[in-house]
Amino acid sequence: MLPLLRCVPRALGSAVAGLRAAAPFPPLRPLLQPAPRPCARPFGLLSVRSGSARLPSLLRPRRPCSCGCGALHTEGDKAFVEFLSDEIKEEKKIQKHKSLPKMSGGWELEVNGTEAKLVRNVAGEKITVTFNINNSIPPTYDGEEAPSQGQKVEEQEPELTSTPNFVVEVIKSGGKKTLVLDCHYPEDEVGQEEEDESDIFSIREVSFQSTGESEWKDTNYTLNTDSLDWALYDHLMDFLADRGVDNTFADELVELSTALEHQEYITFLEDLRGFVKSQ
């Protein structure tokens, strides 16, 4: 009996081998993949509710523009244009300077977009002050006091003041080097009523650059005033004051920069309105 049982696996193995040679089995992976099923609903109508004939906004055909310009006009664009028109009117109402204020001390002003340059010549020296109004308004904080009852919101809105960083360049007649002083308005000094001896601006860095070269070279030594001796720092501030860059100049620079920033802001709103309107 035992020899007979041993022959059964061999017989089965020979039969299976013969079947494989006659008709090979398909690969295993295609058998494990689910059979594709046709989509029950069209792809574009998946967001349409049952029983509703309304098409999604992306599939809804656009009506031709009534003005004939062929541009895209929506109700949101129309509301946006109306808002911008009201905003421009309000900004023009509170605009203090219709034209840019002048600086005292014989400074000549050159404006190129958001960048302004003040030039002054004194006893064979050329002093140039350059600043840019972009990102010159300090951020407002939420910790300010809320408006009291019966008081208008407009009266509580803080006046936006532009306090840009500015660079002072001093060039001596025939000199090969230019003294460059990077200045800024410390946040704790702006808008504070301090004594006359206190400076409302500070020197951040001092360096020399080659005269006539417009590109800044990082390979030149730059002196940071954070670790500077106070006596040397005071002499640098006196050096600027003797050339007209003092507290009076800094106050007038804030007024000029604020007027220029407000002027550019109104121009930006007008350009934005024209862009949205597309006419």
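In which strand is F166 found? F166 is found in strand 4, residues 166–172. The model is predicted, so local features need pLDDT of at least 70 and side-chain atom pairs count only at pLDDT 80 or more, while totals for chains, interfaces and linings use all residues. Residues are numbered from 1 along each chain as its sequence is written, and side-chain values use heavy atoms, with hydrogens and water left out.

**Overall chain**

- The protein chain holds 6 helices and 7 strands; these are DSSP runs numbered from the N terminus, with helices being H or I of at least four residues and strands E of at least two.
- Along the sequence, the pattern of the protein chain is α-α-α-β-β-β-α-β-β-β-β-α-α.
- Of the 279 residues in the protein chain, 24% are buried; buried means under 20% relative accessible area, exposed over 50%, and partly exposed in between (1.4 Å probe, protein chains only).
- The protein chain has an accessible surface of about 21,200 Å², and carbon and sulfur atoms hold 53% of that surface. Accessible areas come from the Shrake-Rupley method with a 1.4 Å probe, and for residues only the protein chains shown count as cover.
- Among contacts in the protein chain with a separation of 6 or more, 59% join residues 24 or more positions apart; contact means heavy atoms within 4.5 Å.

**Helix 3 and helix 6**

- Two packed helices are described by the angle between their axes and the distance between the axes.
- Helix 3 (residues 75–93) packs with helix 6 (residues 247–277) at an angle of about 160 degrees, and their axes are 9 Å apart. That angle makes helix 3 roughly antiparallel to helix 6.
- Axes are lines fitted to C-alpha atoms, for helices over the stretch in contact, and angles run from 0 to 180 degrees between N-to-C directions. Angles under 35 degrees count as roughly parallel, over 145 as roughly antiparallel, 65 to 115 as roughly perpendicular and the rest as oblique.
- The crossing of helix 3 past helix 6 is left-handed, a term used if the near helix is turned anticlockwise from the far one by less than a right angle, with clockwise being right-handed.
- On helix 3 the contact is made by D77, F80, V81, L84, S85, E87, I88, E91 and K92, and on helix 6 by H262, Y265, I266, L269, E270, L272, R273, V276 and K277.
- By class, this contact of helix 3 with helix 6 has 9 nonpolar, 2 polar and 7 charged residues. Ala, Val, Leu, Ile, Met, Phe, Trp, Tyr, Cys and Pro count as nonpolar, Asp, Glu, Lys and Arg as charged, and the others, Gly among them, as polar.
- L272 lies in helix 6 and is partly exposed, with a relative accessible area of 25%.
- Leaving aside neighbours within four places in sequence, L272 is in contact with F80 and L84. L272 and L84 are 188 residues apart in sequence, and their C-alpha atoms are 8.0 Å apart.

- T130 lies in strand 3 (residues 125–132) and counts as buried at 19% relative accessibility.
- Beyond its neighbours within four places in sequence, T130 is in contact with E115, A116, K117, N165, F166 and V167.
- F166 counts as buried, at 0% relative accessibility. Neighbours within four places aside, the contacts of F166 include V129, T130, F131, L181, D182 and L253.
- F166 and Y185 are 19 residues apart in sequence and 9.0 Å apart from C-alpha to C-alpha.
- V168 is also placed in strand 4, and V168 is buried with a relative accessible area of 0%.
- Not counting residues up to four places away in sequence, V168 touches residues including I127, T128, V129, L179, V180 and L181.
- D182 is found in strand 5 (residues 177–184). With residues up to four places away in sequence not counted, D182 touches F166, V167, S202, I203, R204 and E205.
- D182 and E205 are 23 residues apart in sequence and 5.1 Å apart in space, C-alpha to C-alpha.

**Loop residues with positive phi**

- A123 is found in the loop between strand 2 (115–122) and strand 3. A123 is not a glycine, yet has a positive phi of about 50 degrees, and A123 counts as exposed at 81% relative accessibility.
- N135 is found in the loop between strand 3 and helix 4 (153–156). N135 has a positive phi of about 55 degrees although it is not a glycine, and N135 is exposed, with a relative accessible area of 82%.
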